[in-house]
Amino acid sequence: MILRRVARPLLASIFVFGGIGALRDTQGHAKAAEPFLTETFDKVEGLVPDQVPRDPATLVQIDAAVKIGAGLALASGKAPRLAAVALLGSLVPTTLAAHRFWQLSDPGEKQAQQVQFFKNASLAGGLLLAASDTAGKPSLGWRARRAAKKAGKRADKLAKRAEKTLTD
């Protein structure tokens, strides 16, 4: 459908652009994310495996790679539902790290960050729609239920045949 071919690249563009920007200024993004990351890692101490990087610069680079890769996948229509979920998973911590308007006292800065926070919330809504869009095909859940129902009917038929064979 033409709508998907236009909407997906439009939705994905901000993530690809943001990912490239994060790679170009990794240290700046890392500095902005560091307070959030420190607070978060302190809260989940012992729950997160040691293999998970804690260096803000490394996490920013991973986040940027996810944004660029999943953004390009969404834009091109390659695994768009998975790409939308990956972008959503990247958007939530980015939003919580960069747009904490509730902690600001300057009214101008607070309003600017509030606008960015709700812009990201709106993007999350678009990603949820993209993640649930089956492009007119039945969902995996529907297909699984249908397959189970068919298998049940086949099993019933086989059981009746076996019972009939045993009674004859």
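Is Thr40 buried, partly exposed or exposed? I began my notes with this residue. The model I am reading is predicted. Thr40 sits in helix α2. I found a relative accessibility of 29%, so Thr40 counts as partly exposed. I then looked along the chain to Gly77, which is 37 residues away from Thr40. Their C-alpha atoms are separated by 34 Å.

**Entry: α2 against α3**

I stayed with α2 and turned to its packing. Two packed helices are described by the angle between their axes and the distance between the axes. I looked up both for α2, residues 26–43, and α3, residues 56–76. Their axes come within 8 Å. They cross at roughly 105°. An angle of 65 to 115 degrees counts as roughly perpendicular, and α2 and α3 are therefore roughly perpendicular to each other.

Which residues make this contact? From α2 I listed Thr26, Gln27, His29, Ala30, Glu34, Leu37 and Phe41. From α3 I listed Pro56, Ala57, Leu59, Val60 and Gln61. I sorted the contact by class and got 7 nonpolar, 4 polar and 1 charged residues.

**Entry: α2 against α4**

I checked α2 with α4 next. The two pack at an angle of about 100°. Their axes are 8 Å apart. α2 and α4 are therefore roughly perpendicular to each other. On the α2 side I noted Ala32, Ala33 and Phe36. They meet Pro93, Leu96 and Ala97 in α4. By class, this contact of α2 with α4 has 6 nonpolar residues, with no polar and no charged ones.

**Entry: the largest pocket**

How many residues line the largest pocket? I counted 37 in its lining. Asp63, Lys67, Ser90, Pro93 and Thr94 lie nearest its centre. Pro93 was already in my notes, as one of the α4 residues that α2 meets. The elements that give two or more residues to the lining are α1 (2–24), α2, α3, α4 (80–98) and α5. The largest share comes from α2, with 8 residues. I put the volume of the pocket at about 890 Å³. Its lining divides into 22 nonpolar, 12 polar and 3 charged residues.

Helix α5 covers residues 107–132 and holds Gln113. Is Gln113 buried or exposed? Its relative accessibility is 15%, so Gln113 counts as buried. Not counting residues up to four places away in sequence, Gln113 touches Ala98, His99, Phe101 and Leu104.

Leu123 is also found in helix α5. Under 20% relative accessible area means buried, so Leu123, with 14%, is buried. What does Leu123 touch, leaving aside its neighbours within four places in sequence? I found Leu11, Ile14, Phe15 and Leu91. I also looked up Arg4, which is 119 residues from Leu123 along the chain. The C-alpha atoms of Leu123 and Arg4 are separated by 16 Å.

**Entry: Ala79**

My last stop was a loop residue. Where is Ala79 found? I located Ala79 in the loop between α3 and α4. Its phi is near 50°. I marked that as a positive value in a residue other than glycine. The relative accessibility of Ala79 is 45%, so Ala79 counts as partly exposed.

How values were computed:
Residues numbered from 1 in each chain as written. Predicted model: local features only at pLDDT ≥ 70, side-chain atom pairs only at ≥ 80, totals over all residues. Heavy atoms only, no water. Axes fitted to C-alpha atoms, helices over the stretch in contact; angles between N-to-C directions. Helix = DSSP H or I, 4+ residues; strand = E, 2+ residues; numbered from the N terminus. Parallel < 35°, antiparallel > 145°, perpendicular 65-115°, else oblique. Contact = heavy atoms within 4.5 Å. Nonpolar A, V, L, I, M, F, W, Y, C, P; charged D, E, K, R; others polar. Buried < 20%, exposed > 50% of the residue type's maximum accessible area, 1.4 Å probe, protein only. 1 Å grid on protein atoms, 1.4 Å probe; cavity = no way out; pocket = protein on both sides within 12 Å on 5 of 7 lines; lining within 4 Å. Points joined across faces, edges and corners; volume = space filled by probe spheres on them.
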